[in-house]
Protein chains: 2
Amino acid sequence: MSPTITAFRNSPDRGRGLARDMRVRWALEEVGQPYEVRLVSFDEMKDAAHRAVHPFGQIPTYEDGDLALFESGAIVLHIAERHAGLLPDDAGARARAISWMFAALSTLEPPILDLTIARLVEHDKPWAEARLPLVEDRIRGRLGELADRLGDGEWLDGAFSAGDLMMISVLFRLSPSGLLDDYPSLAAYVARGEARPAYKRAFDAQLAVFKAASGG
Amino acid sequence: MSPTITAFRNSPDRGRGLARDMRVRWALEEVGQPYEVRLVSFDEMKDAAHRAVHPFGQIPTYEDGDLALFESGAIVLHIAERHAGLLPDDAGARARAISWMFAALSTLEPPILDLTIARLVEHDKPWAEARLPLVEDRIRGRLGELADRLGDGEWLDGAFSAGDLMMISVLFRLSPSGLLDDYPSLAAYVARGEARPAYKRAFDAQLAVFKAASGG
């Protein structure tokens with residue numbers, strides 16, 4: 001039996017690969033684990049049946065036999081622990097890769113989400129235009145620190161890991177903003193992730209969902 | 001050799017236990033692992049020496065021999081994986097506890113941090129007062145969903161785990177706001193965490209740092 005993940009039936013990103021199912025699809029492709037996808041509408045996400053798996057009514061979820069998980073970070077870690085290819089064998093390097101997973105989700109993604117809120121949720125508020133530079137500056141601060149650490153490295157800490165997968169997935173969410181353009185080494189880092197065959201397979205799979213939903 | 005963590009020399013929370021070293025201290029106390037603390041000032045946090053361990057110039061960090069980790073989530077998970085007491089033995093229950101760790105950090109903490117930013121960083125902006133209800137409503141949405149899942153349970157999923165430790169640590173950051181008062185089951189959940197002997201030892205240890213720094 002293959003695990004089943006959930007994804008948006010009609011993704012608000014219109015197939016650009018910005019939704020959080022993308023990072024789970026990518027991890028499954030990296031390790032060569034086939035998977036099923038159950039599409040859920042916005043209404044279905046808030047149903048009791050979906051909330052039994054995801055208490056916060058979101059995607060993605062991961063179901064494998066009796067096991068039901070939520071949170072993309074936990075799902076990617078679960079996949080990485082059970083298959084070779086996403087975490088180093090050395091215990092110390094493994095713990096450091098997990099540090100980067102948490103850094104992506106706890107340190108980079110919150111200010112990036114704040115930009116999404118500023119642009120999509122609060123865009124019609126009287127403060128929208130004046131506040132945007134503050135939000136962007138908080139992101140730039142983190143991007144500068146990340147670029148300093150990455151230096152001219154290919155990945156964040158040795159070989160490609162779940163830490164890179166998560167960091168690149170989070171940084172990719174900045175693509176509509178153009179903010180990455182000021183950090184060429186980070187833009188190149190994201191491009192290296194996008195060039196991986198597993199990423200391309202994951203991207204094509206989520207794009208196919210959008211095209212089917214839009215009749216395209 | 002005991003591991004060494006870092007904490008604020010002068011915590012901005014004035015010893016209220018809101019800083020992120022608290023969750024690492026708590027985890028170490030739960031598993032009975034002695035530890036050393038290296039205090040860092042705000043200037044020292046931004047030094048190259050500290051950034052070699054924490055690329056984003058924050059606390060806490062965790063150093064044990066050759067291993068250096070950052071991100072409180074990664075550190076607590078590392079501790080929980082190496083000692084009994086914070087993760088269930090059953091593989092599925094263990095993965096679910098880790099889901100709750102990520103939920104605390106990726107789903108609850110971002111809107112809670114947004115409130116901290118609204119109150120401490122943007123408090124003098126012309127939009128501060130008008131925007132606050134939106135920020136608080138986003139937190140209330142998550143608290144309502146969390147209360148629905150917790151129900152009348154003692155902990156989130158069976159026995160106390162690293163998932164509860166992280167969730168309670170994140171919810172505790174709401175204490176200055178009073179927002180938890182509208183969710184009595186969550187307030188009681190946080191109080192159950194605070195009543196644990198390991199929590200009390202961790203709290204007293206961080207309070208002692210503040211008292212020493214303030215000459216009290």
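This is a predicted model: local features need pLDDT of at least 70, side-chain atom pairs count only at pLDDT 80 or more; totals for chains, interfaces and linings use all residues.
Let's start with the overall division. Domain 1 of chain A is assigned in two pieces, 4–85 and 198–213, while domain 2 of chain A spans 91–196. Taken over C-alpha atoms, the centres of domain 1 and domain 2 of chain A are separated by 20 Å.

Now look at where the two domains meet. Domain 1 of chain A brings 13 residues to the contact, and domain 2 of chain A brings twelve residues. Which elements give two or more residues to the side of domain 1 that touches domain 2? In chain A they are α1 (21–31), α4 (72–82) and α9 (197–213). Of the residues on this side, α1(A) supplies the largest share, with five residues. If you colour the domain 1 side by residue class, you will find nine nonpolar, two polar and two charged residues facing the contact with domain 2 of chain A.

Next, turn to the sheet. Four strands of chain A make up an open sheet with mixed pairing, and their order is β2-β1-β3-β4. At its edges sit β2 (36–40) and β4 (67–70) of chain A, each of which pairs on one side only. With direction ignored, neighbouring strands of this sheet are turned by 25° against each other on average.

Finally, zoom in on one pair of strands. Strand β3 (residues 61–64) of chain A runs antiparallel to β4(A), and four bridges join the two.

Technical notes
Residues are numbered from 1 along each chain as its sequence is written. Chains are lettered from A and ligands numbered from 1 in the order in which they are written. Domain bounds come from an automatic or database domain assignment. Two residues are in contact if their C-beta atoms, placed from the backbone, lie within 7 Å. Ala, Val, Leu, Ile, Met, Phe, Trp, Tyr, Cys and Pro count as nonpolar, Asp, Glu, Lys and Arg as charged, and the others, Gly among them, as polar. Two strands pair if DSSP finds at least two bridges between them. Axes are lines fitted to C-alpha atoms, for helices over the stretch in contact, and angles run from 0 to 180 degrees between N-to-C directions.
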